[in-house]
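Student: Hi! Could you walk me through the ligands in this protein? I'm new to this.
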Amino acid sequence: MITGATSGIGEACAKKFAAAGYHLIITGRRADRLEKLKMNLENEFAIEVRSLVFDVQDRNAVGNTFSKLPVEWQSIDILINNAGLASGKDSFEDANMDDWETMLNTNVHGLLYVSKAIVPFMIARKKGHIINMGSVAGKDVYENGNVYCASKFAVDAINRAMRIDLLKHGIKVTGIHPGAVETEFALVRFKGDEKKAAATYNGFTPLSGNDIADTIFYCTQLPDHVCINDLVITCTQQADAFYFNKQ
Ligand code: NDP
Ligand code: 8X3
């Protein structure tokens, strides 16, 4: 199951796992994109895809969706908690409080609501693998990153907490922390400003959604007794949240 499969990293993960023969649950808010992806994947690969449209911020919608999940779809081996966003990149005193709430509600609360709905299915089977999408922004705080960074620091903490608490149930928990990945992320962050979005990737070759999907796939293919706990991945021209070797 992949949240945020309508674009970027989530969509790349859907394609990667579909090509390997996994049946998929894909989620997002944009129903048209989900339906198109479902059709394409089912046509290209011998798999079944279930698309679920909901806003991860809506606790009741998440609960209702998964309480109605048919039993044959409840055997979820892998949950990729990927849905997320940055909204704005403003200094603390200028930042918009609605942006802050959207980021916390999506990146933190949304991830918690979805996980709380899926974990019981994994506990029942005494296995499962949860991949939580963090960021280098959850490892270092950068200028004007304030609440986006805070939301990803929270994901980092939740990832570690889940791994401890779910240990007794045999559930693997992996945090993936990418640097710059070229997706719709920057366009969303800058609220449709294409110039600002494009400038985000000026002077270096960023990661692609496929790079992250390949990495996640690798983490899920290890033997049962092996779990990658935490993985920071950047493009070669990025060292961490601050330092780039731009040409
Ligand atoms: P995209 O904007 O391309 O994709 C974001 C996905 O999240 C979309 O499918 C979107 O679907 C979904 N989403 C956002 N808000 C909600 C919501 N409220 N409810 C349901 N789904 C939602 O960005 P990326 O692929 O880059 O981002 C994926 C994850 O990776 C995010 O958590 C992001 O923070 C993280 N990340 C991204 C990096 C980057 O540089 N791109 C680097 C490090 C981490 P829809 O709009 O259809 O609902
Ligand atoms: C996205 C990467 O550096 O824009 O999480 O915060 S960054």
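**Two ligands and a pocket**

Tutor: Happy to! Ligand 1 takes up the space of the largest pocket. Keep in mind that this is a predicted model.

Student: Okay, how much of ligand 1 does the protein cover, then?

Tutor: Let's begin with one contact: an oxygen atom of ligand 1 is 2.6 Å from an N or O atom in the side chain of Arg29. As for cover, ligand 1 on its own has 880 Å² of accessible area, and the protein covers 96% of that.

Student: Which residues come nearest to ligand 1?

Tutor: There are 29 residues around ligand 1, and those that come nearest are Thr6, Ser7, Arg29, Tyr148 and Thr183. By class, this shell has 11 nonpolar, 13 polar and 5 charged residues.

Student: Switching over, where does ligand 2 sit?

Tutor: The space taken by ligand 2 is also the largest pocket. Ligand 2 is surrounded by Ser135, Val136, Ala137, Tyr142, Tyr148, Phe185 and Arg189.

Student: What classes are those residues?

Tutor: The shell around ligand 2 has 5 nonpolar, 1 polar and 1 charged residues.

Student: Which side chains make polar contacts with ligand 2?

Tutor: Among them is Ser135, with a polar side-chain atom 2.5 Å from an oxygen atom of ligand 2. Tyr142 has a side-chain N or O atom 2.6 Å from an oxygen atom of ligand 2, and for Tyr148 the distance is 2.6 Å too. Taken alone, ligand 2 exposes 240 Å², and the protein buries 84% of that.

Student: How does the lining split by class?

Tutor: It has 21 nonpolar, 18 polar and 9 charged residues.

Student: And which element gives the most to the lining?

Tutor: That's H6, with 4 residues. Helix H1 (8–19), strand E1 (24–28), helix H4 (97–125), helix H5 (146–165) and helix H6 (185–189) each supply at least two residues of the lining.

Student: Great, thanks!

Note on methods
Residues numbered from 1 in each chain as written. Chains lettered and ligands numbered in written order. Predicted model: local features only at pLDDT ≥ 70, side-chain atom pairs only at ≥ 80, totals over all residues. Heavy atoms only, no water. Near = heavy atom within 4 Å. Polar contact = N/O pair within 3.5 Å; in protein donor to acceptor, adjacent residues only side chain to side chain. Areas by Shrake-Rupley, 256 points an atom, 1.4 Å probe, with all protein chains shown as cover. 1 Å grid on protein atoms, 1.4 Å probe; cavity = no way out; pocket = protein on both sides within 12 Å on 5 of 7 lines; lining within 4 Å. Sits in = over half its atoms within 2 Å of the grid points. Nonpolar A, V, L, I, M, F, W, Y, C, P; charged D, E, K, R; others polar.
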